[in-house]
2 protein chains.
Amino acid sequence: MSFTNLALVAQCDAFPYADVDPSAYLARTNTYFQLRVSGHDYALGYMLPSVAEVFRGVAGWELDDAERVLTLTGGDSAVSRSAAVEKTMLALRETGHFEVLKKWRGELYAVYGRDKELLFNVERSASALFGVVTYGVHLTAYTRSEQGEIKIWTPRRAKTKQTYGGMLDNAVAGGIASGESPFESLVRECGEEASLAESLVRERARAAGTVTYWYVRDERAGGETGLPQPEVQYVYDLELPLDVIPRPGDDEVEEFYLWSVEEVQEAMRKGEFKPNCALVVLDFLVRHGILTEANERDFIEIVSRLHRRLEFPTL
Amino acid sequence: MSFTNLALVAQCDAFPYADVDPSAYLARTNTYFQLRVSGHDYALGYMLPSVAEVFRGVAGWELDDAERVLTLTGGDSAVSRSAAVEKTMLALRETGHFEVLKKWRGELYAVYGRDKELLFNVERSASALFGVVTYGVHLTAYTRSEQGEIKIWTPRRAKTKQTYGGMLDNAVAGGIASGESPFESLVRECGEEASLAESLVRERARAAGTVTYWYVRDERAGGETGLPQPEVQYVYDLELPLDVIPRPGDDEVEEFYLWSVEEVQEAMRKGEFKPNCALVVLDFLVRHGILTEANERDFIEIVSRLHRRLEFPTL
């Protein structure tokens, strides 16, 4: 099995586009339920009917079958809405109905409204059920030789990791907890995942935009499949001195390789990268002038789809 | 008048999004005509009804009012279709009906199909009437001090220039003629517009992706307004040595300024940049970690909309 770069992008940016493929888009959005909070008449995410159904009759929620909308009615502030969501999620966790809740993280993700205001927080493992936008940071650590040759630090995830075990990753990646800034999240993860000194990261890591896409959860992510997952990844570059070696800081990473661009691209073609990490690599290669229209047939589509406009409010 | 960065983006990426604002999108696409070529049942662009109407009864064209499609029926190869288009355009130029044709360039733009095959060439000034995707190159030339401070070479267009006269521009920018590669187009324009040595450009210019957007032509572009114009700009960075000074190579540029990022941003807020050039500057600032989520409220939306996925086939 060999993956083109466009296939790698399509694997992650899997939700149909309303303009490019209207019938596929409508087939989904006309059967899914919108998630809303009361007083805010717009979608925060799309939910599978089988998921929305579970909220029928639950206190704090209102299911409108005609309009296909699930509304969070419990609470009228971020604090009270978050409490209502937590109560429901804890109860659902007890019932064992949803597989994804079995990987309870004890970590809160933020959901924002159109004025970028915090609407509510939701347990990380539960965010997938609601189809809301989630946020993360991804860092590409690399070296540059005197001749200008770039090599990319590429970790392999521990085979024992529940999700995407044994696959290749970006040097550092993690979800952003509610209230945490992307850069502070990055600094923390760099210490935890790659044993990189805080001072080095603060001095040398460079923000380089975002990679955004609309994933549809597959079996490799664990738990329910088919859940639509719009994601925003803040991307950073970190050119490391040749004598700084990233090392696994926890048991989530097996080993770091320092690979040439060709070695990285070969592993991508083989499908060895965790899907969203392949997108971050592609964005890096585009920004650094390595992937261009001269060597990539689908260049224009790839660059666009690495930066999908999400139809939901974002921070 | 002060422009936010999002307002600058929205000014250029002005066509509604099908998912974010379906009613505005449908209001346009349900009244516009699609341009097609026979045997290829998909849109290559959208045309205003007032423009499509002019093709009624013209040899080589078929206007379907029910489906709202204008089909180029003349020719069954790129060569024969291009000849049919040219014949019509020359005739229309004679009639003086369209303002945009009064700026006839004698330069051909390429229109591609879904297999990235050339479908036909069209005179540059006429491409606007068809609403097809056009391609250009934009280069940001900059200097970096020993302390790492970036300054951007910013030209002011001649006041006498017919379009966007007196406005600020990217160091080098130009349309890509049919058959020309983006990089060769860039090298040529760097000589013509900024007097930069070919060897310097070939050695130091770095590809950095694309900026894509769907413009709707306004009065500053000259000629008919309201024409939808999807555009792909290949973007390049060129870090210039401190002793290399770009100089106007023709009478299209008045003067080059070497401005700090703050000076550039101030001019952007004042709306002094040609609209699509402001987008290229924003993309540069994002990729270089200058514009981030920490200093730009609309960061996520801006980065996405700088890379719009176009619904038409692209090269």
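**Note on a predicted two-chain model**

1. UniProt, in an unreviewed entry, places the feature "domain: Nudix hydrolase" at residues 134–281 of chain A. UniProt positions are given in the numbering used here, feature names are shortened, and annotations may be inferred rather than shown by experiment. Over residues 134–281, chain A is 24% helix and 36% strand, and the end C-alpha atoms are 20 Å apart. Helices (H or I, at least four residues) and strands (E, at least two) are DSSP runs, numbered from the N terminus.

2. This is a predicted model, in which local features need pLDDT of at least 70 and side-chain atom pairs count only at pLDDT 80 or more, while totals for chains, interfaces and linings use all residues. Residues are numbered from 1 along each chain as its sequence is written, chains are lettered from A and ligands numbered from 1 in the order in which they are written, and side-chain values use heavy atoms, with hydrogens and water left out.

3. How are the two chains related? A rotation of 180 degrees with 0.0 Å of shift along its axis superposes chain B on chain A, with an RMSD of 0.0 Å (least squares on the C-alpha atoms of residues with pLDDT of at least 70 in both copies). The two copies are thus related as by a two-fold rotation axis. The same surface serves both copies, since 100% of the contact residues of chain B recur in chain A.

4. In the interface, 38 residues of chain B are in contact with 38 residues of chain A (contact means heavy atoms within 4.5 Å). About 3,200 Å² is buried between the chains, and carbon and sulfur atoms give 60% of that area. Buried area is the accessible area (1.4 Å probe) that two parts lose on being put together, summed over both. On the chain B side, Asp19(B), Ile300(B) and Arg309(B) lose the most area to chain A, together 24% of what that side buries.

5. The rule finds four salt bridges across the interface of chain B and chain A (a side-chain nitrogen of Lys or Arg within 4 Å of a carboxyl oxygen of Asp or Glu). Asp298(A) forms a salt bridge with Lys116(B), the closest N and O atoms being 3.5 Å apart. Among the elements that give two or more residues to the side of chain B that touches chain A are β10 (206–216) and α10 (299–305) of chain B. α10(B) gives the most, with six residues.

6. Within chain A, Glu254(A) forms a salt bridge with Lys159(A), with the closest N and O atoms 3.2 Å apart. Glu254(A) lies in strand β12 (residues 253–260) and Lys159(A) in the loop between β8 (150–157) and β9 (172–175), so the pair ties together parts of chain A that are 95 residues apart in sequence.

7. Two loop residues deserve a look at the backbone. Lys116(A), in the loop between β5 (108–112) and β6 (118–123) of chain A, has phi near 65 degrees, a positive value in a residue other than glycine. Tyr164(B), in the loop between β8 (150–157) and β9 (172–175) of chain B, has phi near 55 degrees, also a positive value in a residue other than glycine.
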